[in-house]
Amino acid sequence: MADRVLRGSRLGAVSYETDRDHDLAPRRTARYQTENGDIYEIPFADDAEIPGTWMCKNGQEGKLLDGPAPEEKKGKPPRTHWDMLLERRSLEDLDDLLKERLDVLKKRRRAGSR
């Protein structure tokens, strides 16, 4: 008889213990909302620090509802190519280089039109 009961069972894959007489860890649920309006809940441990943002299943980042706004990270503004060029050269140097290159191009055009 016992063989018949275990024959269709997935041994090791399913626990036959009940949750009776077990205390689960205390939890609290945080609600997040994405830009397109989807609201979803994520369970956290009661003593865990709840982040201001959390990625949704749809791939968008959700912001915490009913909580403090996420702190914006202070970062450097992105440097452009022009900013990096100005770190290496002055405007006067750049004007001189531009004049030199324009002279070279003018000489090529004159030589090619003959």
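Predicted model: local features only at pLDDT ≥ 70, side-chain atom pairs only at ≥ 80, totals over all residues.
# Notebook: a first walk along the chain

Read along the sequence, I get the pattern α-β-β-β-β-α-α. That makes three helices and four strands. I took helices (H or I, at least four residues) and strands (E, at least two) as DSSP runs, numbered from the N terminus. Residues are numbered from 1 along each chain as its sequence is written, and side-chain values use heavy atoms, with hydrogens and water left out.

**Entry 1: the whole chain**

I looked up how much of the chain is covered. Buried residues come to 11% of the 114 residues. Here buried means under 20% relative accessible area, exposed means over 50%, and partly exposed is in between (1.4 Å probe, protein chains only). The chain exposes about 11,100 Å², and carbon and sulfur atoms supply 51% of that. Such areas come from the Shrake-Rupley method with a 1.4 Å probe; for residues, only the protein chains shown count as cover. I also checked contacts, meaning heavy atoms within 4.5 Å. Of the contacts with a separation of 6 or more, 22% are between residues 24 or more positions apart.

**Entry 2: how the strands pair**

Two strands pair if DSSP finds at least two bridges between them. I started with S1 (residues 27-33) and S2, which pair in the antiparallel sense over seven bridges. They form a hairpin with five residues between them, and Gly37 in the turn has a positive phi of about 100°. S1 also pairs with S4 (residues 61-64), antiparallel again, over two bridges. Tyr32 has Leu64 in S4 as its bridge partner.

Then I went to S3 and S4, which pair in the antiparallel sense over three bridges. Trp54 stands opposite Gly62 in S4. This hairpin has five residues between its strands, and Gly59 takes a positive phi near 95°.

Pro43 counts as exposed because its relative accessibility is 52%. Thr29 stands opposite Pro43. Leaving aside neighbours within four places in sequence, Pro43 is in contact with Arg27, Arg28 and Thr29. Pro43 and Arg28 are 15 residues apart in sequence, yet 5.8 Å apart in space, C-alpha to C-alpha.

**Entry 3: the core**

A nonpolar core is a set of buried Ala, Val, Leu, Ile, Met, Phe, Trp, Tyr and Cys residues joined through side-chain atoms within 4.5 Å. Which residues make up the largest nonpolar core? I found seven: Ala30, Tyr32, Tyr40, Ile42, Phe44, Cys56 and Leu64. S1 and S2 each supply at least two residues of this core, and S2 gives the most, with three. In soluble globular proteins, nonpolar side chains tend to be buried together.

Not counting residues up to four places away in sequence, Leu64 touches Ala30, Arg31, Tyr32, Ile50, Pro51 and Gly52. Gly52 sits in the loop between S2 and S3 (53-55). Why does Gly52 count as buried? Its relative accessible area is 16%. Gly52 and Gly62 are ten residues apart in sequence and 8.5 Å apart in space, C-alpha to C-alpha.

**Entry 4: charges and a surface patch**

I looked for salt bridges (a side-chain nitrogen of Lys or Arg within 4 Å of a carboxyl oxygen of Asp or Glu). The count is two. Glu41 forms one with Arg31, the closest N and O atoms being 4.0 Å apart. Glu41 lies in S2 and Arg31 in S1, so this pair ties together parts ten residues apart in sequence. Glu41 is exposed at 52% relative accessible area, while Arg31 is partly exposed at 34%. Arg79 bonds with Glu87 in a salt bridge, their closest N and O atoms 3.1 Å apart; both Arg79 and Glu87 are exposed.

Last, the patch: Trp82, Leu86 and Leu91 form a nonpolar one on the surface, with about 310 Å² of accessible area together. Patches are made of residues with over 30% relative accessible area and no salt bridge, where like charges are joined within 9 Å and nonpolar side chains (Val, Leu, Ile, Met, Phe, Trp, Tyr) within 5 Å. Leu86 lies in helix H2 (residues 81-88) and counts as partly exposed, at 35% relative accessibility.
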